[in-house]
Amino acid sequence: MKNGKPLYKRVWFWVVVVILLGGVGSAMSEDSKPDTSKKQEVATGEKPASDTKKEDTSKPKKEKKEEKKVPTEYKSALAKAKVYSNSMSMSKEGVYDQLTSEYGEKFSKEAAKYAVDNVEANWKENALKKAETYSDTMNMSKDGIYDQLISKHGEKFTKDQAKYAVDNVEANWKENALKKAKTYQDSMNMSPNAIYDQLISQHGEKFTKDQAKYAVDKLK
C-alpha cells in the first residue's frame, strides 16, 4: 500500500473542522445570551415597580363636622313657634313678639329669633288663612283685611304677604258689604245713608262705593 497524505493536508479534513468549529461557536453564543424572561431586580435591592404596592390615591373621607348643640330653650321656642304658625296662622313677626312677650312665652330674644328663622312655615299661606277668617267670620272688605294683616297692632304680615292674601282669598265683597249693612241696620238702627257712609269710610269698613251701593240697595 502507498502511504497517503497526512490528514491535515487533505482538503476534506479542514472542511469538517470548519463545520465542527462553527457548530460549537453557535452553541456557545446561545448559552451566553441573558435570560430576558426574568425580571431583573433593581441594583439597590428594591423590587421592580410592578411588584410594589399601588399607592392609595383615593381622597380621604371628609370628617363630618360636629353639629352645634342647640340649647334646650331654643328647641322649646321652636316647638312653640310651630304651634303658633300651624294652629293660629300667625306671621313671622307676630310669632316672634308672642315668644318674647312678658305676657306671652317670655323666651329670650336669641331663642325667639332662632325659632322664627328655623320654623317650617309658609307666611304667605298663613296670611291667606287669616284673610279667609276675616272674610268669613267678620265680613270685612278687601282693604279692611289688608290693613288688618299689615297693622303693627294687628297681624304684622309684610305688605307682600298681605297683598298675596287679599288677591287670592275667595270672597264675595258685595255680599260681605251687605252682611255688614244688615248688622248696622239691625243692631244700631242706622239709616241707609248712614250705613252707606260707614261702609265706604276709610275709618270704617273701607268697601268700595259700588259694593256699598249694592249693600244698601239690597236692604229691606
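A crossing is left-handed if the near helix is turned anticlockwise from the far one by less than a right angle, and right-handed if clockwise. I also noted that helices (H or I, at least four residues) and strands (E, at least two) are DSSP runs, numbered from the N terminus.

**Entry 1. Basis.** I worked from a predicted model, in which local features need pLDDT of at least 70, side-chain atom pairs count only at pLDDT 80 or more, and totals for chains, interfaces and linings use all residues. Residues are numbered from 1 along each chain as its sequence is written, and side-chain values use heavy atoms, with hydrogens and water left out.

**Entry 2. Whole chain.** I found ten helices and zero strands in the protein chain, in the order α-α-α-α-α-α-α-α-α-α along the sequence. Of its 220 residues, 26% are buried; buried means under 20% relative accessible area, exposed over 50%, and partly exposed in between (1.4 Å probe, protein chains only). I then looked up contacts, meaning heavy atoms within 4.5 Å. Among those between residues at least 6 apart in sequence, 54% join residues at least 24 apart.

**Entry 3. Helix 2 with helix 3.** Two packed helices are described by the angle between their axes and the distance between the axes. Axes are lines fitted to C-alpha atoms, for helices over the stretch in contact, and angles run from 0 to 180 degrees between N-to-C directions. For helix 2 and helix 3 (residues 92-100) I recorded an angle of about 130° and axes 10 Å apart. The pair is therefore oblique; angles under 35 degrees count as roughly parallel, over 145 as roughly antiparallel, 65 to 115 as roughly perpendicular and the rest as oblique. The crossing of helix 2 past helix 3 is right-handed. On helix 2 I listed A77, K80, A81 and Y84, which meet V95, Q98 and L99 of helix 3. By class, this contact has five nonpolar residues, one polar and one charged. Here Ala, Val, Leu, Ile, Met, Phe, Trp, Tyr, Cys and Pro count as nonpolar, Asp, Glu, Lys and Arg as charged, and the others, Gly among them, as polar.

**Entry 4. Helix 2 with helix 4.** Helix 2 (residues 72-88) also packs with helix 4 (residues 109-118), at about 50° with the axes 8 Å apart. These two helices are therefore oblique to each other as well, and their crossing is right-handed. Helix 2 contributes E73, Y74, A77, L78 and A81 to the contact, and helix 4 contributes E110, A111, Y114, A115 and N118. I counted seven nonpolar, one polar and two charged residues in this contact.

Entry 5. I located N122 in the loop between helix 4 and helix 5 (123-138). N122 counts as partly exposed, at 43% relative accessibility.

**Entry 6. Helix 7.** In helix 7 (residues 159-168) I found Q161, A162, A165 and V166 buried. They line one face of the helix, because seen down its axis they fall within an arc of 125°; the arc is that of the directions from the helix axis to the C-beta atoms. They pack against helix 5, helix 6 (142-150) and helix 8.

**Entry 7. Helix 10.** The buried residues of helix 10 (residues 209-218) are Q211, A212, A215 and V216. They too span an arc of 125° seen down the axis, so they line one face of helix 10. K209 and D217 are exposed on the face turned away from the buried side. The partners of the buried residues are helix 8 (173-188) and helix 9 (192-200).
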